[in-house]
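The sequence and the model are shown below.

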Amino acid sequence: MSQSPERTPAVPNGPQHPPPAASQQTVSLPHEILQADPATFVKGGIPLTENDYAQSSADTGAAEDAKFPRISRPVPMMRVEYDVVVVGSGYGGAVTASRMARAGKSVCVLELGRERWPGEYPVGLLEAAPEVHVSGNRGKNGEPVVDATIGDPTGLYHLVLGEGQNAFVANGLGGTSLINANIFLSADKRTLQLPAWPQEISSNPASLDTYYTRAASVLQPVPYPDDFPQLKKLSVLEKQAELMGQREHFYRAPQTTAFTNGPNSSGIEMRASTLSGQDCTGVNDGSKGSVLMNYLPDAWNWGAELFCECEVRYVKRDPSNNAWLVLFAWHGDKRAKFEDFHRELMWVKAREFVFLGAGTLGTTEILLRSQDHGLKTSSEIGRGMSGNGDILSFGYNTDFEVNSIGREDPGNHPPIGPTITGVIDMRDAMPDVLDGYVLEEGAAPEALSKLLQGMLELMPGKVYPENYGLSEKLRHLFSRAEARLLGPYTPGGSVNRTQIYLIMSHDSNEATLTLENGKPYLRFLGVGRSAHVKELNEMLAKATSKIGGTLINSPFYSLLGEEEITVHPIGGANMSSDGTGRNGATNHFGEVFTGTGDDVHPGLVVVDGSMIPCALGVNPFATITALAERSVEGVAAKRQIRIDYATRNTRLNLFAPPMRSFPLTRDMAEAQQAISSAAGKSGIRFTEVMEGYMYIGDDIEDFQVAADAARGSSTSARFLLSVDSYSTQNLIERSDHAALATGTFACGALSRDPFMVLRGEVQFFSLDSDVADGKNLAYKLDLVSSDGKLLHFNGYKVIDSKMAFPASNTWKATTTLYVTLTRPDKTVVARGVLTIPWRNFVSEISSFGQTGSTVSGRIGATVDFLGYFASQTAGYFFSPLRPLQYPTLTTSGYYRKQPPTEIVTLTAQDGVQTFMHVYTPDPTSGPRQNNQNGGGGGLPPILMIPGAAVDHRIYALPTIPTNAVDYFLARGHTIYIPTHRVGRTPLAKSSQTTFSACLDVKAALEHIRRETPSQVYVIAHCAGSIALGCGLLDGTIPASWLKGLTASQVFISPRFAKANMIKARLPLPLPRVYSKIVGEYFDCATSPTDALPQRLMNQLLRFYPVGSRAEICNSAVCHRSELVFGRLWSHSGLNGATHANLGNFLGGTSMRCLTHLMRMGSSGYVMDDEFASLITEIGLRRLEGLKVFFVQGGENAVYDPENTQTSYELLREEFGSAGVGRVIFENRGHLDCWMGKSAYMDVYPAVANHIDEVMSGGVTGEVAGKG
């Protein structure tokens, strides 16, 4: 059998696995083996095993748990910028990625489809159907254009509907090379000399030979071996050539199919073809030489980074005009479920080059869309396109068995062979080059096997054989019946006797692609109506008649509105014939023109079939590959970029790291670790859209106020974020419960392009250490703008008791995000609120999906995540029913604090001994704060008196960054904190009262007076303030000992808040009831092992919150303290560590002490132990000259805030306004004025200011504080 050496390009260094030639046998096999089914002597994999991709057959551990290799990366691992961005991964894109990577450039490849390896391609119709994507617009002869888009855009098979002709291409890593017929034929010299070609090529067509050869050295095309099993369809085509008098034009076409086992030119392990005929849906045996098996792994090995499911929409210059922005829609995580999906574009920056290799239709659409977005181009974009003269037809029910229906596993059945193996090449036989064509036989994939007979028999316009007598009609009838009854593979059946034809010729090159309503619209003018097409159909009818068959046009012709289909669309970004934009869209290297002249956009290059200016009349991929090699070499040479063509890869292990890679940034390394740690596990993923308003500036601190102000100025913001937890188990077990977040954040007031979000974190129900009892859905995202601006996005959804009853509260909590944007130096850029509109919530639910290799694993991941989410939200929705939190012995959340200088034993005049902690400033701690008002002499010592059931730690709290002791030590004060007899001490269990505690206060003051001659400034809280007031009023403590006083929450006019007042005025006093049932001492601390009455009380107290939903918590200590004293804080004022450790800070009280407190609180004045009022004329006179500053929490639920107002007015009436002041902290409660996480910002400075005024002789008055 003759072969055309002209059309079998030479391969430098020879192919890695050449087929044995007829005259040069390289294997010694008996004849019966050579004629046997290939499955009996060549190893094929259906599917391939992991070891087929390993470095050697002994490298059994290389694959670990992975079934198929993955050389593409998850989009969250994308960098913000690269030297080179390649759009598309077909022949042109793959060539470019490989060569630029070999030039040492950082390369990003963006592919719309998914990554699939042999073993993952669909086989049957049910598997293939979901992979079909239909796009395009229907409408002809002036009819309205109708959008015909259906299916998944990332599906493997892409049918593009057009007017006059349709196109069929592929999406996937490897592009159409995944499903083409592998035929490597160069364009004939006469075609390359047509006027449409650039002069640089048409004047010397042989100049392309270098690039054909280079392409062949990688793709390694070889003809179907002579010593392989005879293929019936190939034999029938050869017979047809002979009967047509065209035997000299028949040969076995070079194809990129492997016929022996071994590594290919790029080091990838190939497997000999099982001759399945499955090329059109994807070959699973590992023999198909798609670019996924050569150029792309080579690019990967040299450092290129590949990303799938990325639909590039357009390109433009970046704001600096020094680089390119490639804007793309990421189809991962079902993002396309959202209506604005194609507007919420991600981007990547190319510093040097953008190569467009998205295929003829893809690249042309990108350029048209870029044109709409301001890119200056030639008006020739989208014009001069061609279907390459493709004609698909069938020679149905011939006299010969053809065996042209693919089988995934031929087994012992006759082999089908690769889809195309032979060609009748009439290009040089025709006087007019435009009349030249090639005719090739084909094979239909198994997925169509059961449909083909019905489709063919229903087709109109059949051309029956010339000699179609009765006997022929009967034979046709019986063959059709046999196929219908026994199936399409039945020997002798009509389907098994069908020859499939594919013609490539020359058409009018008049097709156009335009954008109609934002969608591409393909028009083929004159297709199927020319005299040339009629001649070709007559030739096919004659060839079919010679073998007794019926010529039937493509069944898709009828299904698609009597329009042809091409699998080889070309043109749209045509190379110019004269080097200017007047006659083409690109120059001879594929560089895109800026207009009608010869100027080109620097670094914007087309490298696929769209640059071909006319039909080739032959399978185009060899020419596309050669032109891409030429273009890359040419533009690289212009910039003096050296490409390493010489270094060959060793055998590649695709489960191991590539030979070359670029360093990972820290966040990339962390993301990679998160992804790799999920190996073998299942996870969940979803996409979320939130929108709202962001106020630009830092002067408004309240989120809602900021959002309202932004709404008034129309400063809107929005994000489209995909959240990936690659392992639900890891997410639940991690302390921060974090998942990976990827997407965009848009705010036009901050950037004209969206900010990119790469490797952000969404933390699910992480403990919010800044609140008393709550968790957050926290969004921690780094934002990068197209002009290089870096911002940090810190958002949180508050999950706490405020979401309890009704469900609308839960909806609001889980859909409202409070956002702060900051610069790297932590300064605030913007604040605002984003929410999830209902329409987007529906899309978010539909975007929910799973990851994992097994169905059970994916189901388990979903159940685990939903269960975790539901349990966390239900805990707060049914907040009172949550498990109680009991005290622990841990010191979690404690800060390292300066210890007391000494602990002094105090003995009161009644012999009771207590303790006092003394703190002195550390001279090594740096410069001290100066008192603001100067003041005479040094700073006074401070006596801090705690309240009932607490001790020194309310001032020296270890769970907040800056407590009162820290603050005043830093000012230079020496601090004394006694724990009096009704504080957190065993003495509190005795029958002591707040009145008698004044003796301990006196003992403390006496101790200080012995150590220093200075007057003491006193800070007294709650019962400590009452005790001090009692001592001052009855003369136990001289007021002259005090330089000044801060009375916190109460002083000499105690009056309970509403809930406490109700308890105090019950007919049956609660202390009496408690003492009868339980005992004389009530302890705020508790445990699950307490006696039954205490445990019952703990359960009942779940339902005793005082205040709003925000005050509901699950702390048993908090509940008990609220019962005995009233709610001691606004929960918003405490952080998590303080609230969790309340058992370490709260003690208890005796029933006698509690009775004394309740009598005073219900009466409104301080009393002695006999309940006699201490508010007398003589007593008040003893307070004369005392400078008192009242600190009051506006949300105090223990004492009515008006009680300090009463004391304040009483002193002013008695002594005048000088020296008396009062401040209200509106959002604070009782103890959080001292134990609050932010008390250092408002309460402490207010007290310090009073100290300074006292020292300088100033006068205070009533002011409103900040809460």
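## Helix packing

Helices α6 and α14 are roughly perpendicular to each other, a class that covers angles of 65 to 115 degrees, whereas angles under 35 count as roughly parallel, over 145 as roughly antiparallel and the rest as oblique. The structure is a predicted model, in which local features need pLDDT of at least 70 and side-chain atom pairs count only at pLDDT 80 or more, while totals for chains, interfaces and linings use all residues. Residues are numbered from 1 along each chain as its sequence is written, and side-chain values use heavy atoms, with hydrogens and water left out. Two packed helices are described by the angle between their axes and the distance between the axes. For α6 (residues 209-219) and α14 (residues 621-638), the angle is about 110° and the axes are 8 Å apart. Axes are lines fitted to C-alpha atoms, for helices over the stretch in contact, and angles run from 0 to 180 degrees between N-to-C directions. Helices (H or I, at least four residues) and strands (E, at least two) are DSSP runs numbered from the N terminus. On the α6 side, Tyr 211, Tyr 212, Arg 214, Ala 215 and Leu 219 take part in the contact, which means heavy atoms within 4.5 Å. Their partners in α14 are Phe 621, Ala 622, Thr 623, Thr 625, Ala 626, Glu 629, Arg 630 and Glu 633. The residues of this contact comprise 7 nonpolar, 2 polar and 4 charged; Ala, Val, Leu, Ile, Met, Phe, Trp, Tyr, Cys and Pro count as nonpolar, Asp, Glu, Lys and Arg as charged, and the others, Gly among them, as polar.

A further helix pair is formed by α25 (residues 1070-1077) and α30 (residues 1151-1163), whose axes come within 9 Å and cross at roughly 170°. The helices α25 and α30 are therefore roughly antiparallel to each other. Pro 1071, Tyr 1074 and Ser 1075 of α25 meet Met 1151, Leu 1154, Thr 1155 and Met 1158 of α30. This contact has 5 nonpolar and 2 polar residues, and no charged ones.

## An annotated region

UniProt, in an unreviewed entry, places the feature "domain: Glucose-methanol-choline oxidoreductase C-terminal" at residues 566-628. UniProt positions are given in the numbering used here, feature names are shortened, and annotations may be inferred rather than shown by experiment. Over residues 566-628 the chain is 13% helix and 17% strand, and the C-alpha atoms at its ends are 22 Å apart.

## Cysteines

How many disulfides does the model contain? A disulfide is a covalent bond between the sulfur atoms of two cysteines. With the criterion of a pair of cysteine sulfur atoms within 2.5 Å, the count is 0 disulfides. The sulfur of Cys 310 is 7.4 Å from the closest cysteine sulfur, that of Cys 108, which is too far for a bond. Cys 1113 is also in no disulfide, and its nearest cysteine sulfur, in Cys 1118, is 3.7 Å away.

Cys 310 is buried, at a relative accessible area of 2%, where buried means under 20%, exposed over 50% and partly exposed in between (1.4 Å probe, protein chains only). Cys 1113 likewise counts as buried, at 4% relative accessibility.

## Positive phi angles

Phe 765 has a positive phi of about 60° although it is not a glycine. This residue lies in strand β28 (residues 755-767) and is buried, at 2% relative accessibility.

Cys 1022 also has a positive phi, near 50°, and is a residue other than glycine. Cys 1022 lies in the loop between β38 (1016-1021) and α23, and counts as buried at 12% relative accessibility.

## Loop residues

Gly 1229 is found in the loop between β43 (1220-1225) and α33 (1232-1235). With a relative accessible area of 0%, Gly 1229 is buried. Leaving aside residues up to four places away in sequence, Gly 1229 touches Gln 1049, Trp 1129, Ser 1130, Gly 1193, Glu 1195 and Asn 1196.

Gly 461, in the loop between α10 (452-457) and α11 (470-486), is exposed at 63%.
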